[in-house]
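Keep the sequence and the structure open beside the text as you read.

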Amino acid sequence: LHHMALSVTTAAAAVRGALRASSAACRPPRLHGSGASMRVKNHLDPRHRLHLPRPPLVRLRCGTTATGGSVWTATASSARPTLSAAGAAGAGRSPAPRGARGYRGVGPRRDGTSGTLVKHGTKIPDEGIMALNNLRDNKGAKWDKVRKGRGRGSGKGKTSGRGHNGQKSRAGSKLRLGFEGGQTPLRLTLPKRGFNNPKRLIFTPLNLSRLQEWIQKGRLDASKTLTMKDFVDSRMMDKRIGSGVKLLATLRRVWDPVTKKPAENTFGAPLYKPLTVKVHVEVSRVSAQAKEMIEAAGGSVVRVHYNRLGIRALLKPNKFPHGLPKPARTPVFLKDKVDREGTLPAPGPRATPAAPEETPQIAEASAVA
């Protein structure tokens with residue numbers, strides 16, 4: 001039995017060796033045709049089949065000679081290999097022009113295209129060309145959620161970052177801000193500095209350039225007296241105007257179309273677009289230079305006083321169904337900063353002064369003349 005087992009093992013080893021030699025002999029050789037060299041594989045995937053030369057199509061067959069050796073025979077055929085679904089999708093597209101190469105990324109697409117076509121010689125950056133297959137978030141834009149109690153390696157295991165025992169390690173522990181365990185907190189040991197001015201007023205700035213732009217666009221009607229309500233209704237500024245609006249003399253700079261930079265005069269001073277609109281406004285405060293510019297253009301500025309209730313009644317009169325409040329009197333410390341109290345409701349269009357009617361005496365005198 002022992003000798004029979006050895007003979008069977010030896011025979012099996014001889015058969016395996018013969019099979020290995022036969023498979024090595026049947027490997028496809030390297031063909032050298034009129035064009036570029038090409039390696040023929042036993043199992044061609046669709047992408048390799050697309051790169052086979054068209055005329056002629058060579059078929060290779062492996063045979064066995066009488067002495068037991070292997071021989072390759074090549075036959076020309078006009079039949080084309082059958083392409084799979086992926087290969088058939090790319091067979092219909094037109095070849096890339098000479099001198100250009102296709103940037104495929106991870107491979108051909110399912111629709112048959114090959115991505116962005118880049119001219120030969122174009123320098124491709126290290127990060128590649130932007131496409132849908134290589135869009136990524138910026139580094140640090142996404143962070144993984146901290147998972148507590150998931151082992152020591154996470155850095156938040158066991159006690160989950162709360163430490164061992166103590167009040168702060170218990171559930172529901174919420175100490176108020178600045179609490180130092182009962183001792184005098186730091187905020188009480190330091191002396192006080194400064195004060196809050198109860199008479200402080202905060203105004204919303206408004207530049208003349210923006211006012212002129214709104215009037216030229218037709219978003220404000222310059223034929224009437226413009227108030228802070230008109231500014232808010234036209235979306236020139238937000239409804240939260242604080243203590244009122246202050247008009248400033250900032251104008252828009254002139255740009256040089258040649259240099260595409262702010263224009264300057266011969267002395268190097270910047271040039272600004274002048275104020276050309278004639279406007280009558282009522283605001284809380286106005287700078288001296290802005291007042292001069294408006295009056296030079298034929299307009300006028302009036303500084304009016306509104307308290308917090310008056311500003312709310314001016315901007316939203318519909319919030320007072322039982323009637324608007326009376327205008328507040330100007331405090332003594334603001335008498336020299338305003339011209340008069342504001343009116344409620346807001347003033348309407350400016351009335352055009354009518355010509356005086358002629359009395360009979362004036363008509364008779366003019367006829368005699």
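Two strands are said to pair if DSSP finds at least two bridges between them. Helices (H or I, at least four residues) and strands (E, at least two) are themselves DSSP runs, numbered from the N terminus. Please keep in mind that this is a predicted model, in which local features need pLDDT of at least 70 and side-chain atom pairs count only at pLDDT 80 or more, while totals for chains, interfaces and linings use all residues. Residues are numbered from 1 along each chain as its sequence is written, and side-chain values use heavy atoms, with hydrogens and water left out.

Let us begin with the open sheet of three strands in the order S7-S8-S12, where the pairing is parallel. Its edge strands are S7 (204-207) and S12 (285-286), each of which pairs on one side only. Strand S8 (residues 245-248) joins S12 in the parallel sense over two bridges, and Leu247 has Val286 in S12 as its bridge partner.

Another open sheet of three strands runs in the order S11-S13-S14, again with parallel pairing. S11 and strand S14 (340-341) stand at the edges with a single partner strand each, so one side of each has no neighbour in the sheet. Four bridges connect S11 to strand S13 (residues 300-305), and these two strands run parallel. Along this pairing, Val281 has Val301 as its bridge partner in S13, and Val283 stands opposite Arg303.

**A covered strand**

Val281, which lies in S11, has a relative accessible area of 1%. Its C-alpha atom is separated by 5.9 Å from that of Thr227, a residue 54 positions apart along the chain.

**Salt bridges**

A salt bridge is counted when a side-chain nitrogen of Lys or Arg is within 4 Å of a carboxyl oxygen of Asp or Glu. By this rule the count comes to seven salt bridges.

| Pair | Closest N and O atoms |
|---|---|
| Glu213 and Arg252 | 3.0 Å |
| Arg340 and Glu282 | 2.4 Å |
| Arg303 and Asp339 | 3.1 Å |

Take the salt bridge of Glu213 with Arg252. Glu213 lies in helix H5 (residues 208-216) and Arg252 in the loop between S8 and strand S9 (255-256), so the pair ties together parts that are 39 residues apart in sequence. Glu213 is partly exposed at 22% relative accessibility, and Arg252 is partly exposed too, at 43%.

Arg340 is partly exposed at 29% relative accessibility, whereas Glu282 is buried at 7%.

For the salt bridge of Arg303 with Asp339, Arg303 lies in strand S13 and Asp339 in the loop between helix H8 (308-315) and S14, so parts 36 residues apart in sequence are tied together. Arg303 is partly exposed at 22% relative accessibility, and Asp339 is partly exposed at 43%. Salt bridges that share partners also join Glu213, Lys217 and Arg252 into one network.

**Charge over a ring**

A charge sits over a ring if NZ of Lys or CZ of Arg is within 6 Å of the ring centre and within 35 degrees of the ring normal. The charged end of Lys199 sits over the ring of Phe333, 4.7 Å from its centre. Arg253 lies over the face of Tyr272, 6.0 Å from the ring centre.

**At the surface**

Finally, Met130 is found in the loop between strand S6 (117-119) and helix H4 (186-189). This residue is exposed, with a relative accessible area of 71%.

Conventions
Buried means under 20% relative accessible area, exposed over 50%, partly exposed in between (1.4 Å probe, protein chains only).
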